[in-house]
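Colleague: I have a structure open here and want to talk it through. Can you take my questions as they come?

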Amino acid sequence: MPKMSDTMEEGVIAEWHKKVGDEIKVGDILADVETDKATMELESFEEGTLLYIGIQKGEAVPVDGVIAVVGKKGEDFQSLLSGNGSAASKENAPAPANAPETKEEAAPEAGQKEEAPGPPQAAPAAPVNATVIRMPKMSDTMEEGTLISWQKKVGDKVKSGDILAEVETDKATMELEAYEEGTLLYIGIKEGESVPVDGIIAVVGEPGADFNALLSGGGDTPQAAVSADAPAAPGKSQPEEAPVSAADPGDRLKASPLAKKLAREKGID
């Protein structure tokens, strides 16, 4: 399971588009995955035969968890599952998603806010109604992505699920979907340029928002800007609580990606 957004910790398989025994090519859509921000297409990075599906429709798996195996037809893949398989991946995935130093960061939560994340969050979180879009990690070996073409330009309205750009990774050319709604305020990477994973590529927000503070802020600034209601716990609580408090004064309507997708399909606002 790739990390499809900067705050993603797990993904839910919304639909499989391939079944065991099917031939797979690079760029084929394997499945639809619902993250904490959008429902996105999971493209194949490898060619071969789909030998194994480990996660059924509707089930969740943490980032880096095993969801499928692609290889040569008839190949024995059981050693992969028993050696570096789903059990190991599920145990290891949540720790790096939260923080690299689990023991030190899990205990002194109050201290964290005062040491590093505190200063960048304090200034831009409240006044800036915009979100930084970063280069997601689209494959397990991806270190940077190259912008092949932009499908949107500065000033365009962007909806969740819209294709922002085409990105070439180390294994395939893939579509980069938006998981925020608003206006495209800034493009930081030109066509043909490369940016490392988690590098800033664009900003989406309200028209006229002063996003320069986000660009100069740091790694935690986008999360603070996305959810000014609860900046203390950016990882887990915000995606779960957002649909409950759907009518915060002055904020846009908050809903899960799947709810938005179903609403669009049925013509509901």
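Colleague: Which residue stands opposite Ile24 in strand 5?

Modeller: Gly48 stands opposite Ile24 there. Strands here are DSSP runs of E, at least two residues, and helices are runs of H or I, at least four residues, both numbered from the N terminus.

Colleague: What should I know about the model itself?

Modeller: The model is predicted, so local features need pLDDT of at least 70 and side-chain atom pairs count only at pLDDT 80 or more, while totals for chains, interfaces and linings use all residues. Residues are numbered from 1 along each chain as its sequence is written, and side-chain values use heavy atoms, with hydrogens and water left out.

Colleague: Back to strand 2. How many bridges join strand 2 to strand 5?

Modeller: Two bridges, and the two strands run antiparallel. Two strands pair if DSSP finds at least two bridges between them.

Colleague: Which sheet do they sit in?

Modeller: They belong to an open sheet of three strands in the order 2-5-7, with antiparallel pairing. Strand 2 (23-24) and strand 7 (68-71) are the edge strands, each pairing on one side only.

Colleague: Where do Tyr52 and Phe77 lie?

Modeller: Tyr52 is in strand 5 and Phe77 is in the loop between strand 7 and helix 1 (78-84), so the pair ties together parts that are 25 residues apart in sequence.

Colleague: And is Phe77 buried or exposed?

Modeller: Phe77 is buried, at 14% relative accessibility. Tyr52 is partly exposed, with a relative accessible area of 23%. Buried means under 20% relative accessible area, exposed over 50%, and partly exposed in between (1.4 Å probe, protein chains only).

Colleague: What about the other pair?

Modeller: Tyr186 and Phe211 have ring centres 5.4 Å apart and planes at 40 degrees, so that pair is tilted. Tyr186 lies in strand 13 (residues 182-187) and Phe211 in the loop between strand 15 and helix 7 (212-217), so this pair also ties together parts 25 residues apart in sequence. Phe211 is buried at 16%, and Tyr186 is partly exposed at 26%.

Colleague: New topic. Why is strand 8 largely enclosed?

Modeller: Five of the five residues of strand 8 (residues 130-134) are buried, so the rest of the structure largely encloses it. Ala130, Val132 and Arg134 are on one side, Thr131 and Ile133 on the other.

Colleague: Which strand does strand 8 pair with?

Modeller: Strand 15 (residues 200-205), in the antiparallel sense, over five bridges. Val132 has Val203 as its bridge partner there.

Colleague: What about the sheet of four strands?

Modeller: That open sheet has the order 12-11-9-14, with antiparallel pairing. Its edge strands are strand 12 (173-177) and strand 14 (194-196), each pairing on one side only.

Colleague: Last one. How do the residues lining the largest cavity divide?

Modeller: Into nine nonpolar, no polar and six charged. Ala, Val, Leu, Ile, Met, Phe, Trp, Tyr, Cys and Pro count as nonpolar, Asp, Glu, Lys and Arg as charged, and the others, Gly among them, as polar.

Methods. Rings of Phe, Tyr and Trp (its six-membered ring) pair if their centres lie within 6.5 Å; planes under 30 degrees apart count as stacked, over 60 as edge-to-face and the rest as tilted.
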